Amino acid sequence: MEKRTDLAMETRESFPQNHVEIQGVLLEKKECLDGRALITTVKIQDEAGSKAMRKPIGTYVTVESPLMRDGDFEEREPLLLCICGQLEKMIQGMKQKSVLIIGLGNREVTSDSLGPKMTDALFITRHFKQEFGNTFLEENQYGCVSAIAPGVMAQTGIETGELLEGVVRQTKPDLVIAVDALAARSVSRLCTTIQITDTGIAPGAGVGNRRKELNEKNLGVPVVAIGVPTVVDAGTIIGDHLEHVLQKQGYSEDEIERFINEIMGEETEKVMVTPKDIDCSVSQISEDLAHILNHCFQKRDNL
């Protein structure tokens, strides 16, 4: 049974030889905030690594911390600054350029509304440049930021990739940042983990509805993707739990695999599980992501 996840770190953890080096894949872990956050960097360096991980060549940075869901803003602020630092490393000086931020997802579905809600809290400045010129932006230390929440194909009848190709062609940003909800393998990582990658993103991939990829090849500009897992595949939860129980009882890997494959039906492939407080979590995390992006591109001293 395939265990669905959008997190590169979980894909790396799924290998039986988890503590053995995989050709073409580098793994680095470090703690920050006195152990309250863990930063995992997965670098896929070549085609061999890409084939093994089934992900594009590039860098995947994951920050995990319970602070993403717990505490007030003052408690979360050091974590948000840490995430901002990781994003700035990823964009490598691009924050002086114009940026288009895309909020992917369906606003009408709570667990998929992270991207659109994030765009609501962004500080948009591209129109200042058109109205008052570059001097105004420089004097006020504003970046040139535009944003769009394109919805989903069921709402618009337009492929998200097609729509964004037109937007990028007309607005000519130097960088695109795509924000979306992801699927995780582990329940403990729901709404407590953020992944930043320079490989772009395939909208809908987390729920098995993969659309045209948003990446530099298709859009013509660098694409950084930011994602937070909000759902877990039901089959993954069932499979992991059964595997744990059967291992304790002494069954072999082949026996466990056969048993799980026999009891899994098509019904489990269509069910995604999300936390009961997902509405509160999505509202908070979407605002936090907007704070991070505002801080990175608007040169403000605090969040």
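The sulfur of Cys280 lies 11 Å from the closest cysteine sulfur, that of Cys191, which is too far for a bond. A disulfide is defined here as a pair of cysteine sulfur atoms within 2.5 Å, and by this rule the count is 0 disulfides. The structure is a predicted model, in which local features need pLDDT of at least 70 and side-chain atom pairs count only at pLDDT 80 or more, whereas totals for chains, interfaces and linings use all residues. Residues are numbered from 1 along each chain as its sequence is written, and side-chain values use heavy atoms, with hydrogens and water left out.

Cys280 counts as exposed because its relative accessibility is 55%. Cys296, in contrast, has 0% relative accessibility and therefore counts as buried. Cys191 is likewise buried, at 0% relative accessibility. The place of Cys191 is in the loop between strand 6 and strand 7 (193-197); helices (H or I, at least four residues) and strands (E, at least two) are DSSP runs, numbered from the N terminus.

The backbone at Cys191 has a positive phi of about 60 degrees, although the residue is not a glycine. Most residues other than glycine have a negative phi. Lys172 also has a positive phi, near 55 degrees, and is a residue other than glycine. Lys172 is placed in the loop between helix 8 (160-171) and strand 6 (175-184). With 62% relative accessibility, Lys172 counts as exposed.

The packing of two helices was examined next. Helix 3 (residues 73-91) and helix 13 (residues 278-298) pack at an angle of about 55 degrees, and their axes are 9 Å apart. Axes are lines fitted to C-alpha atoms, for helices over the stretch in contact, and angles run from 0 to 180 degrees between N-to-C directions. The two helices are therefore oblique to each other, given that angles under 35 degrees count as roughly parallel, over 145 as roughly antiparallel, 65 to 115 as roughly perpendicular and the rest as oblique. Helix 3 passes helix 13 in a right-handed crossing, the term for a near helix turned clockwise from the far one by less than a right angle, with anticlockwise giving a left-handed crossing.

Contact means heavy atoms within 4.5 Å. On the side of helix 3, the residues in contact include Arg76, Leu80, Cys84 and Leu87, while those of helix 13 include Gln284, Asp288, Ile292 and Cys296. By class, this contact has 11 nonpolar, 3 polar and 3 charged residues. Ala, Val, Leu, Ile, Met, Phe, Trp, Tyr, Cys and Pro count as nonpolar, Asp, Glu, Lys and Arg as charged, and the others, Gly among them, as polar.

Arg76, found in helix 3, is buried, with a relative accessible area of 7%. Leaving aside neighbours within four places in sequence, Arg76 is in contact with Leu67, Met68, Asp70, Gly71, Gln284 and Asp288. The C-alpha atoms of Arg76 and Glu257, 181 residues apart along the chain, are separated by 41 Å.

Two serines were also described. Ser50 lies in helix 2 (residues 47-53) and is buried, with a relative accessible area of 15%. Ser14 lies in the loop between helix 1 (8-13) and strand 1 (25-32) and is partly exposed, at 40%.

Methods:
Buried means under 20% relative accessible area, exposed over 50%, partly exposed in between (1.4 Å probe, protein chains only).
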